Structure formats: C-alpha cells, structure tokens
Amino acid sequence: MLQQYLNMGFTQQQIIKAQQICKQNRNIEILDVLLKHVQSPIKEQSQSQILRELSFDVLTPDQRLRQKGTPVGLKNLANVCYLNSLIQTYFHNPIFVKEILSFKYPVQLNFEDLLNKNEAKAKRIKSSIDLVVHLQRLFAYLVHTDRKYVDPYRVFLNVVDEFGNRFQLGDQKDWAEFNLQFITCIDEGLKYHENKLMDAEMQNKDESGDLHDSDQYQNDRNKSGITLTRSMILLDENKAKLIEQQPLQSQSQNQTIINRLFFGKTKEYITHPNQRNQSEEQEQIFLQIILNVKNRSLYQAWEANNSFLIEGYRNGSEVIELAEKTIWITQIPDSLLFQIQRVGYDPERGLIKMNDEFRFEKEIYADRFLLENRQKVIETQQQLNELKIQQAELLSQMDKYQNYGGISMLTILNTATKYVKEVKSDDEIMQKRIEQCRLSIQMILQKFQVELDQINQKIEDLYAIMKKYKYFLQSILIHEGAAESGHYYTYIYNPLLKHWFKFNDINVTQVSEEKVLRDAYGDGKSKTNAYCLIYQRADRFEPQSYSDYTSNSVYAQYIQQNLYEEVINDNKKFSIEQKEYELVELGDMVVEIYNVQFQQVNEMARKFKNRNGNPVNNFPTYLRTLLDQMNDLVKWSILDYAIREASQGKRNLRDYQEQLIFQQRIKYNFEQLSQFKVPSKYDVDKQTIKHLQYYYLQYISSLRITAIQQFQHI
C-alpha cells in the first residue's frame, strides 16, 4: 500500500501522518486524509528542484536491469503517471509506432523565418517536431534497452499548448485532456516529416494568420456547415475553451495518419417533435466517445450517448421545445477511445468520483452506430424500444437492492450478520432471519440478472447481421483515487503473446485476464476502476504486427541506424555500470568475510601454538601458525581467501590488483577497520604474490602428507 500512495506523488512522511490520523478515526480512509488534510509539497517546488530529485535513482543497477522478454517501464516524473500510461498505450499501436519511427527531421525547415512571422506558432511547431523526435527516440529505447525503465522527460517537455507553452512538472492532469493536447502536437509534428515538408509549407502559406486563429476558424465553420471541434465532455469551461481553440480540419480535407487512426466523424440529427419532417444536421469530429457510468455497460452507454432528448431546445424560430438528437458515425477511426464518465458533482461535496460497476466486452461491433446502417437500425427500432423498456425496468428494480442509500442491501445484511455474531452470538433466531433475508435478496437479484441477460441477448440478436466493423479490447486505463487526484496505470493486451500486462510506471508485470477485468469493472466500493477503454479494429491490426518485447521485435526494422547505435552504446555503458556496481558490492562482502576470517585465523593460530604440526583447515590459518605472527603476508592471504569466498571462486587477489574500482572499494572499507587488522600498505606487489605462491605450495604439500597419514592409520 505504501508504494501505491508513493506512486500518487505523496511522500513517505505524508503517508505515515495520514495513517496515524486513520488510526484515531477508523471511519475514514488513508487516501481521503491525504487529499483533504495533507498538502502535497510538489507545488511548492521549482521545476529545477523537481528535476534534481528526479535525476536520482533509488534503485540499484542490478534492480534496474531489464528481464528478458519483459516490456520496459517508464519513470514517473512527479505526478505525470498519465503521461506514462499514454505512451505505453501508443507504443502498442503498431501503425502509430511505425509512423513515429519512420519520421525524419526536417533539416531544411527555416524556423527563423517562422519566428519572424508568428512567434507563438513557430514555438508550437518546433516543440511538436521535437516531440515526435523524442518520442521516436523513446520508442527505440523501449525496443532495445537493457534497462528496466527509461526516462520520458524529453517527451513531456515538448507537449505544449496552442501558444507553445510547456506544461509544468508536478501538476496533475486529466488523462483525456492531456491526450488531446498530446495527439494534437504529434499530428502537427508529423506534418513536417522531411519527405512531406513541401506540403506542410504550402499549407502554412494557405493559412491566414495563426493555425488556431478563432476568427478564421469561425469563418471556415460557417462556410462549410461543419463544426470542426472535437466532440468531448469536459468538467469545466476552461477545458472546453481548449477544444474551441484547437479546430481540426475535416478528414476529407486532410486525412493524416493521426486522423485515420484516432479521429472519427459523426453526423448529428436534431429532430423537432412538432415538425417530424424538419430536422437540423451537423457534422462533428471526435477523438473519444463519452460513456455514462450510470448506464452500467458499454453498449447501453454508447446508445444513450448517441440518442437522447434535449429539453428546452431553441430552434431557428426562437421557440423553446423538446428535441430529439441522434448521432451517427460517418467515418470511424482504427482505434476507438471510450472515456467512462465517472466524475460528477454533489452540492455538498463538490466533485465526486462515481465508482459504480461498469461492464464491457472484449470484442465489440460498431456497425449499429454507423450512418450506413441507419435504415437497418430504424427498421428494428420498435422491437428494440420494447426490449429497452424491459431492460430499464429490470435495471431500476435491481438498483433498489444494489443501491439502497448508496449501499447494496447484501452489504448491509452481511454487516448485520457480522454484528449479530459478535454482539449477540446466542441469538440464533435473529441470525437465521437475517440469513433468510440475505438469501432471498440474492435469489431475486440472480433472477433479475438472468432476465437481463436474456434481454441483452435478444438485443444482440437484432444486430447479428451487422458485424463488419469488429474491434478488440487492447488497453484499459485504470484510475485509483478521488475525482480530482489519484494515480493512473494501464492494462494492455498483447495479441501476439496473448497476454495482459500491467504498466505501472517503472513496474511492468504480466497479469491474468481475471485480475484485469476484476479491477476494471469496479464493484461500487473500490476506488480503483476503469477510466478509459481503447479498442483496435481487428482487420487493421494483425497480431504479428505487435512487439514481442525482444530486440528482434517487428518494431526493430523501423528504427533508424543512429538511434539503434545510441541505444546499443547506452547498453554498453549500463553494462559497465552493472559490472562496477557488482565490484562495489563484492568489495563490501569481501571485507565482511575478511573481518570474520581475521578473527578466526588468530583464534585457530593460538590453539595450535603449543601443538606439533600446523593446522590444515585453510591456507591463512596455516600461514599465520607457520610464521607465528600476523604480518602483511598473512593479511594478504586472508584477503585472497575472502575474495575467493565472496566470488565463489571466480576471483582472487590478482583481481584486486587489476580492478581499480574493486580495489578502491576494499580500501575504503579497510579504512573503517583498525590499523592492526589491515595491511600496512594497500598495494600488493609481485614479490608478495610470489611469496604467497611459495607458501601455498607448502600448504598443499602438507595437505597431501596429512591425507596419506590418515589413510595409513585406517
């Protein structure tokens, strides 16, 4: 649990303080205390302070070594876990990865000329290009590095707003909001690929003023009749303004790879009930589809999002009335992003997170939401409406039992059972009645669930003929925490390996599908649940196109030579760092053994002092008894023994001579011992080695003689 809260950006001292508060009041949780009563120090720190702290690795080099076949993690840059989840998700989009790795820097682009024309635009373009370059570099490391995790700081540094301003480390961001900004910058940067530079420059010449000039945008909107904004539901007006300031060209006008992969297009119909033959049409571009958690499942929430009534609608004649709005997809992206709307507003508590259970399928079909299938859907509408009425009635009935004052009746009865057993253990009648009530409610809910499953199946059967656009679940973004803060991590499915992996900053582990879905669905109580779902189109993403997390990954063929060489050189440096660390660790262990052995040699020598012959249990004891003094030669023999013991026979005194780091570490540890225990000088010469070899041969001879004598005695 400690690591979980550390990942959220809290310090160990803050967590301990929160634990102490919780012990005094058992009705509150640690996370609530951290969010309400403990002020995070990150805001008070400057960017340079944060960077200094981030440059320090708490893990040792051996702990930072990547295991073979394991995906690479990402370092958490002070509350930017949302960035790490984003990068890992995009790294598992093969088409996107290929586009990024194939990017070539536009060396001919004249930034000075851009600066003179429009400084804000020039800053934004420069950062967008640099973002692609550093993401390309990061992807190369994710393929070839030997490190357990790498640093995404340069990627974060080049995600900018429409004016070219960078985000601040330490600020917690909404994942969806940051994703919009991130993908916008990537899209702009990719336009300046070396081979596409002429097209990008021509586009700039055709623009009047800044790319995001609001007046020009409004004029274009009025001329085309198309709303060129990304369809999103955000929490406040400031975020909405962000979207307003960032129009995206219609896909038919500028079909970039980013548009095709992530942005879809819809046609919205607003029909007036009093004028059934009259309707308004509007086109929109969307990045994500909002799902209301209260709709309980993906299909139900998607349908509710695409067809609903608008109260108080003002039509062209200024008459306020009820209108019906339906949304149909006209262009569907290869990657579908769903945001589960879990944040709501309570008048007393402000923003709250709704942890309701929300279910979704591993495979979905988008056909029923496409404009091309509108007539087919309308033909089944009457039957569908009847089924939905039955569905809504069942859900309402279930909600009475599952949400009684915000708590499930089964939870209440389980608590009551526990209470009676502890307080009134002899009251068997009450226990029996509570148990009967619990079983009765459980059976009712099971009956409702069976009926609901049957209705859902009938609904699915209506759409059975519409199964052309198949998508599979590829990523699940998990949020743990409250409405305004918490921690993000991601579950990602690898179709090639047929395994789920948990990407939690520097830690990446393989997990079972059962664990993934249990965490993602939520249970109404836990603050850990799915926030975003990403599906990929099955006929566009083949399993063979995904990485197998080895250096022979299919991604490797797209990595440019200079980047490949950079990562290989970094691996060599890391290998040296590993070996140096091993020598330092070995040096510490050697001196520990040396210290113990020194005591034992002295004790054994005293025991054999008044006896005939020499001890043969080990060479240092033999030499100490033979020379009858603890001189440098004996000490060097003890050191040689300690080196052999610590390295399991792989190293000896010669390594002390030849390995400078090893020698320096032993010298450092020797300085912590008394002068009597260590050699008078720390450099061993050739003459000393020869003397040791001479006496060692004598020692071996004595061993043989002793062995012969023991054999003859037998």
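Predicted model: local features only at pLDDT ≥ 70, side-chain atom pairs only at ≥ 80, totals over all residues.

Me: What joins Glu-435 to Arg-438?

Reply: The general idea is that side chains of opposite charge can pair when their charged atoms come close. Here Glu-435 forms a salt bridge with Arg-438, and the closest N and O atoms are 2.8 Å apart.

Me: How many salt bridges does the structure hold?

Reply: There are 28 salt bridges in the structure. One of them joins the side chains of Asp-334 and Arg-260, at 2.6 Å from N to O. Asp-334 lies in the loop between β8 (320–331) and β9 (335–341), and Arg-260 in helix α14 (residues 257–262), so this pair ties together parts 74 residues apart in sequence. Asp-334 is buried, with a relative accessible area of 1%, whereas Arg-260 is partly exposed at 29%.

Me: Which parts of the chain does the pair of Arg-296 and Asp-399 link?

Reply: The side chains of Arg-296 and Asp-399 meet in a salt bridge of 3.2 Å, N to O. The pair links distant parts of the chain, 103 residues apart: Arg-296 is in the loop between β6 (289–292) and α15 (298–306), and Asp-399 is in helix α17 (residues 381–402). Arg-296 is partly exposed, with a relative accessible area of 26%, and Asp-399 is partly exposed as well, with 29%.

Me: Which residues are linked in a network of salt bridges?

Reply: Such a network links Glu-303, Arg-368, Lys-388 and Glu-460.

Me: Turning to helix packing, at what angle do the axes of α8 and α21 cross?

Reply: The axes of helix α8 (residues 119–144) and helix α21 (residues 561–608) come within 10 Å and cross at roughly 50°. That angle makes α8 oblique to α21. The crossing is right-handed.

Me: Which residues make the contact?

Reply: From α8 come Gln-136, Arg-137, Ala-140, Tyr-141 and His-144, and from α21 come Leu-563, Tyr-564, Glu-566, Val-567, Asp-570 and Asn-571. The residues of this contact divide into 5 nonpolar, 3 polar and 3 charged.

Definitions and conventions
Residues numbered from 1 in each chain as written. Heavy atoms only, no water. Axes fitted to C-alpha atoms, helices over the stretch in contact; angles between N-to-C directions. Helix = DSSP H or I, 4+ residues; strand = E, 2+ residues; numbered from the N terminus. Parallel < 35°, antiparallel > 145°, perpendicular 65-115°, else oblique. Left-handed = near helix turned anticlockwise from the far one by under 90°. Contact = heavy atoms within 4.5 Å. Nonpolar A, V, L, I, M, F, W, Y, C, P; charged D, E, K, R; others polar. Salt bridge = Lys/Arg side-chain N within 4 Å of Asp/Glu carboxyl O. Buried < 20%, exposed > 50% of the residue type's maximum accessible area, 1.4 Å probe, protein only.
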